[in-house]
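Here's a quick briefing to keep open beside the model. Have a look at the structure first, then go through the notes.

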Amino acid sequence: MKACVIEKPLHYKIEDLPIPQPKPDEVLLRVTTAGICTNDVRDYKGSKYTYPRIGGHEYAGIVERLGTDVDTSFFKPGQKVVNYIIEECGMCYSCKHNAENLCDAAESGKVFYNENGISGYMGYAEYVCVKARHLYHYSDSVSNEEIAFTEPLACVINSINKTNIRMGDDVVIIGGGVMGLLHVLCAKKQGAYVIVSETDAKRREIALKMGADKVIDPIHTDPVEEVKKLTGQRGAQVVYNTTAIPTVASQAIEMVAKSGTVNMFSSMHPNDPILVDAGRLHSQEIKVTGTVSPTECSFAQAVDCIEKGIIDVKPLIDKVFDYKDVTEAMEYAARPDTYKVMLKFSD
Ligand SMILES: [Zn+2]
Ligand SMILES: [Zn+2]
């Protein structure tokens with residue numbers, strides 16, 4: 001099979017590798033389409049993980065072959081499926097407390113560091129083996145591109161689940177990229193009045209088209225003051241920061257209302273510590289939290305939302321490249337003015 005391998009930063013190579021054989025509890029998938037995540041672009045440019053590396057954790061697949069122990073009443077060759085991407089151990093403290101997305105073992109798995117082989121999620125290949133218990137069905141009518149959107153949507157549903165939006169709340173979403181816009185779609189479904197803060201004028205326009213009620217230009221205005229103005233000086237009940245910038249994280253805390261919640265949705269690059277007014281957190285009962293990755297439940301909810309047409313991810317699909325053009329696709333995805341870019345491996 002062909003696979004897109006990052007040999008070293010900025011060097012992709014299409015390599016011939018043997019098709020992996022499913023273990024008894026695994027399923028061999030034929031990959032159809034795989035999304036490019038910000039993490040994949042970071043790996044392409046050079047990350048702390050080991051190389052060679054095969055990225056791709058946002059992939060849609062078709063069941064090719066079942067391992068010997070897989071229940072045939074659940075899966076049949078030819079079915080469209082998507083795979084939960086965290087190799088949770090099921091044994092550690094986090095796994096036992098309903099936080100499999102924080103599994104201790106997953107952090108030390110070969111996904112990140114594989115000194116003697118290829119690291120990565122392995123989705124940028126024609127075939128991949130996955131645990132049968134991690135699979136979710138889709139019906140044939142859902143497109144491969146939409147299925148490949150499951151993981152990013154599941155990350156956002158995890159973020160929405162862990163913050164409490166009430167009908168009529170003012171909600172601020174900082175950043176109008178793919179993840180910001182997914183927050184817009186989800187927050188609107190929760191009954192929020194949605195304010196998007198985004199530096200790029202074109203992106204602000206798209207945020208409005210996607211359902212945002214108001215947009216803010218944080219370059220030419222003070223975003224904290226603007227949020228106060230739009231909320232009767234109260235601030236927003238929930239603020240989601242989808243940007244990687246520490247100063248923006250500080251602003252996110254400044255623009256939250258009394259008893260409100262701030263969620264640090266994005267990882268921070270660089271991860272410089274920020275100053276927080278702890279007295280205000282105390283006297284105004286403000287909650288500052290974070291969310292990372294999807295849970296198995298938010299993954300199931302993302303499948304439900306895409307399958308039933310509750311969340312329409314199609315407008316966020318920017319461009320689909322043939323996998324052989326992976327370098328061009330990475331360069332395109334790295335541009336600040338693009339939305340979700342995908343690689344096509346098969347129909
Ligand atoms: Zn992703
Ligand atoms: Zn675990």
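The donors of the zinc ion (ligand 2) are spaced C-x2-C-x2-C-x7-C along the chain; donors here are N, O and S atoms within 2.8 Å of the metal (3.2 Å for Na, K and Ca), and water is not among the atoms, so sites may look incomplete. This is a predicted model, where local features need pLDDT of at least 70 and side-chain atom pairs count only at pLDDT 80 or more, while totals for chains, interfaces and linings use all residues. Residues are numbered from 1 along each chain as its sequence is written, chains are lettered from A and ligands numbered from 1 in the order in which they are written, and side-chain values use heavy atoms, with hydrogens and water left out.

**Zinc ion (ligand 2)**
- Its protein donors are C89 (SG), C92 (SG), C95 (SG) and C103 (SG), at 2.3 to 2.4 Å.
- N98 is found in the loop between α2 and α3, and its phi is near 65°, a positive value in a residue other than glycine.

**Zinc ion (ligand 1)**
- C37 (SG), H57 (NE2), E58 (OE) and E151 (OE) coordinate this zinc ion at 2.1 to 2.7 Å.
- The site is irregular, with angles of 88 to 173° among its four donor atoms.
- Along the sequence, the donor residues follow C-x19-H-E-x92-E.
- C37 sits in the loop between β3 (26–36) and α1 (38–45), while E58 is in strand β4 (residues 58–66), 21 residues apart; helices (H or I, at least four residues) and strands (E, at least two) are DSSP runs, numbered from the N terminus.

**The parallel sheet**
- Six strands make an open sheet in the order β10-β9-β8-β11-β12-β13, with parallel pairing; two strands pair if DSSP finds at least two bridges between them.
- β10 (214–216) and β13 (287–290) are the edge strands, each with a single partner strand, so one side of each has no neighbour in the sheet.
- β8 (residues 170–174) pairs with β11 (residues 236–241) over four bridges in the parallel sense, and I174 has N241 as its bridge partner in β11.
- Helix α6 (residues 178–189) packs on the sheet, touching β8, β9 (193–197) and β11, and its direction makes about 165° with that of β8; contact means heavy atoms within 4.5 Å, axes are lines fitted to C-alpha atoms, for helices over the stretch in contact, and angles run from 0 to 180 degrees between N-to-C directions.

**Helix pairs**
- α5 (residues 150–161) and α11 (residues 296–307) pack at about 115°, with their axes 8 Å apart.
- Zinc donor E151 is also among the α5 residues that meet α11, where the partners include F299 and I306.
- The axes of α1 and α12 (residues 326–334) come within 10 Å and cross at roughly 115°.
- D40, V41, Y44 and K45 in α1 meet T327, M330, E331, A333 and A334 in α12.

**Cis peptide bonds**
- The bond from Y51 to P52 is cis, with omega near 0°, and P52 is in the loop between α1 and β4.
- The bond from H269 to P270 is cis too, with omega near 0°; P270 lies in the loop between β12 (256–264) and α10 (278–283).

Terms used: Four donors count as tetrahedral if all angles lie between 85 and 135 degrees; four count as square planar and six as octahedral if opposite donors are over 155 degrees apart and all others between 65 and 115; anything else is irregular.
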